[in-house]
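I opened my notebook to look up a few residues, one at a time. Here is what I wanted to know: what sits where, and what touches what?

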Amino acid sequence: MTNLETLKEAFITHIKGASTTLIVLKNQKGTQVGICNYGARITHFIVQDEQENWVDVVLGFNSIQEYLNAAELYHGVTAGPFANRIANGAFVIGNTLYQLEQNDGLNNLHSGKAGFHAQVWDVAEQNTSSVQLSISYADGEGGFPGPITASVTFTLTDDDELVMDYKASSGKDTIINLTNHAYFNLNGEGSGTVLNHAVKINADSFVEINEACIPTGKLIQVENTAFDFSVLKPIAKDIAEEDIQLVNGNGYDHSFVLNQNENGLTHVATAIGDISHLKLEVFTEEPGMQFYTGNFLNAKDKGKAGNYYGCRSGFCFETQHHPDSPNQAHFPSVILKERELFESKTVYKVSF
């Protein structure tokens, strides 16, 4: 098993005058999670399978330079201030129109090139099993009203749960949508396709998208469609169906409308590796989850084990509010009022 402590030196550099570092979280089982403050990202999640093999279930790299040079920008990142897409990169609060960078065709994706994923976060607090990272955006930075202050606290429990506690506040009414963009392969990063992973999603409907992956505003019932993950099924089972939604997303790249408990965390998704039999369970307070099957991974990035990350070599369970929510009045609101506190919790739990 890789001892993440030995990789710390490879994560030290300076970006725009700020120092990057690797924080290693450990628990009593020997599980290790790597967190880098560049992008507040998960770099490693090393757990034991039922054969007592150590498996790193998150795609990524063993040095900061590899993250800086990667073709895929979002490995393991905390995406924000607004994760996912905004149509035409524009939204209105009150009577004010705000224009963001259009970095995904005409749309804004993950807040543009200066999003939270591309910033060095401050290490606010840390101990053996937990770290809090924080970031500040000036008013108008990235096009967002502010100033915005945000934090994410990663905590590794002795049950192999990685708990993510998000907080944000703003000096002006703004929009907030925070998520984690870890790519998972439960057979081990670099081990090939995730198409034979079995997935279950606790949702009765999903958000319809157009050819630019922007919501049409319509919700589609999953029943009798390729998007029905109400019981465990292999990702491969229906991904090649002739369905315009799969064509538009180049596979699964859709926000599912989660069946939520009225209070607190809800168990919203499960994935099981077909070889390792490791199970990932997701719990969240968020109303949606983007299920993304790594359709645009392009085999340009060589991962930790020396293998290239090709199409569908990882999947994402991105708990969040739905894409383009600022422009979809009937979606749950993403408005963060001046001086109010945004709080949200998501848990990734790995077991066998």
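**Before starting.** I noted that this is a predicted model.

**Entry on T179.** I looked up T179 and found it in strand β17, residues 179–180. Is T179 buried or exposed? T179 counts as buried, because its relative accessibility is 0%. Next I asked which residues T179 contacts, leaving aside neighbours within four places in sequence. I listed V77, T78, A79, A83, Y166, E318, T319 and Q320. For T319 I found a detail: the side chain of T179 reaches the backbone oxygen of T319 at 2.7 Å. I also checked Y166, which is 13 residues from T179 along the chain. The C-alpha atoms of T179 and Y166 are 8.6 Å apart.

**Entry on S344.** I found S344 in strand β28, which covers residues 342–351. S344 is buried, with a relative accessible area of 5%. Which side chain does the side chain of S344 join in a polar contact of 2.6 Å? I found E286. Beyond four places in sequence, S344 is in contact with M164, D165, Y166, E285 and E286.

**Entry on cysteines.** I recalled that a disulfide is a covalent bond between the sulfur atoms of two cysteines. How many disulfides does a search of the whole structure find? It finds zero. C213 is in no disulfide, and the nearest cysteine sulfur, in C311, is 13 Å away. C213 is buried at 7% relative accessible area. Then I checked C316. The closest cysteine sulfur to that of C316 is in C311, 12 Å away, so the gap is too far for a bond. C316 also counts as buried, at 0% relative accessibility.

**Entry on aromatic rings.** I counted 22 aromatic pairs in the structure. One of them is F11 with Y67: the ring centres are 6.1 Å apart and the planes meet at 45°, so the pair is tilted. F11 lies in the segment before β1 and Y67 in helix α1, so the pair ties together parts 56 residues apart in sequence. F11 is buried at 0%, and Y67 is buried at 5%. I then looked at F315 and F317, an edge-to-face pair with 4.9 Å between centres and 65° between planes. Both F315 and F317 are buried. Ring pairs link F315 and F317 into a cluster whose members include F184, F229 and Y348. Last, I noted that K233 lies over the face of F229, 4.4 Å from the ring centre.

Terms used. Residues are numbered from 1 along each chain as its sequence is written. This is a predicted model: local features need pLDDT of at least 70, side-chain atom pairs count only at pLDDT 80 or more; totals for chains, interfaces and linings use all residues. Side-chain values use heavy atoms; hydrogens and water are left out. Helices (H or I, at least four residues) and strands (E, at least two) are DSSP runs, numbered from the N terminus. Buried means under 20% relative accessible area, exposed over 50%, partly exposed in between (1.4 Å probe, protein chains only). Contact means heavy atoms within 4.5 Å. A polar contact is a pair of N or O atoms within 3.5 Å; within protein, one must be able to donate a hydrogen and the other to accept it, and residues adjacent in sequence count only if both atoms are side-chain atoms. A disulfide is a pair of cysteine sulfur atoms within 2.5 Å. Rings of Phe, Tyr and Trp (its six-membered ring) pair if their centres lie within 6.5 Å; planes under 30 degrees apart count as stacked, over 60 as edge-to-face and the rest as tilted. A charge sits over a ring if NZ of Lys or CZ of Arg is within 6 Å of the ring centre and within 35 degrees of the ring normal.
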